[in-house]
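Please examine the sequence and the model shown below. The paragraphs that follow go from a hairpin and its neighbouring strand to the pockets.

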Amino acid sequence: MDGELIHASAVAIEDRVALIRGPSGSGKSDLALRCLGLATSPLVPAPFRLVADDCVLLAREGDALIARPAPTIAGRLEVRGVGIVAVPHLAEGRVRLVVDLCRASDIDRLPDPAPLATLAGIDLALVRLAPFEASAPLKLALALTRLGGA
């Protein structure tokens, strides 16, 4: 298995993957779960799919950063208070957005310039979200479709 295993979650809309980062217990799995439950709408052009929860294998392939689930937990999502549940998942996808979880008070209302995260030498769009805000899944969808490139 080539690449780096990181503590994160990853969800995708079509071929765009958002890598959700934050400390243990910060809401990564909960935000992923709420994204998976979103219906398509003008703000969510296609259903979210799980790529990985808890452990994401990242590998640089050319100019792309590819996310894959750790083989031992592929297709599994931790739902606090319920347990580990099986969900359909993607085997891999290209990371287009990094989501850092934080407190709402730590988020710039109108970030200018738009922040970037550099992973494996690749610059990626970055957003900071408060994971338990009701709008967090929609904000993630908007960022992924608008900032996540083609």
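Strand 5 and strand 6 form a hairpin with two residues between them. In the turn, G62 has a positive phi of about 65°. The model is a predicted one, in which local features need pLDDT of at least 70 and side-chain atom pairs count only at pLDDT 80 or more, while totals for chains, interfaces and linings use all residues. Residues are numbered from 1 along each chain as its sequence is written, and side-chain values use heavy atoms, with hydrogens and water left out. Strands (E, at least two residues) and helices (H or I, at least four) are DSSP runs, numbered from the N terminus.

Strand 5 covers residues 55-61 and runs antiparallel to strand 6, to which six bridges join it. Two strands count as paired if DSSP finds at least two bridges between them. One of the bridge pairs consists of R60 and its partner L65 in strand 6. Strand 6 also runs antiparallel to strand 9 (residues 93-101), and two bridges join these strands. Here the bridge partner of A67 is G93 in strand 9.

How many residues of strand 6 are buried? Six of the six residues in strand 6 (residues 64-69) are buried, where buried means under 20% relative accessible area with a 1.4 Å probe and protein chains only. A64, I66 and R68 point one way from the strand, and L65, A67 and P69 point the other way.

The pockets come next. On a 1 Å grid over the protein atoms alone, a pocket is an open set of points where a 1.4 Å probe fits, with protein on both sides within 12 Å along at least five of seven lines; lining residues have an atom within 4 Å of a point. A volume is the space filled by probe spheres set on the points, which are joined across faces, edges and corners.

The largest pocket has a volume of about 350 Å³. Of its 18 lining residues, I107, P111, V127, R128 and L129 lie nearest its centre. Strand 11 (122-129) and helix 2 (136-147) each supply at least two lining residues, and helix 2 gives the largest share, five residues. By class, this lining has 11 nonpolar residues (Ala, Val, Leu, Ile, Met, Phe, Trp, Tyr, Cys and Pro), seven charged ones (Asp, Glu, Lys and Arg) and no polar ones (the others, Gly among them).

The second largest pocket holds about 260 Å³ of space. It is lined by 16 residues, of which G25, S29, D30, E78 and R80 lie nearest its centre. Helix 1 (28-36) and strand 7 (76-79) are the elements that give two or more residues to this lining. The largest share, four residues, comes from helix 1. This lining has three nonpolar, seven polar and six charged residues.

Methods
Buried < 20%, exposed > 50% of the residue type's maximum accessible area, 1.4 Å probe, protein only.
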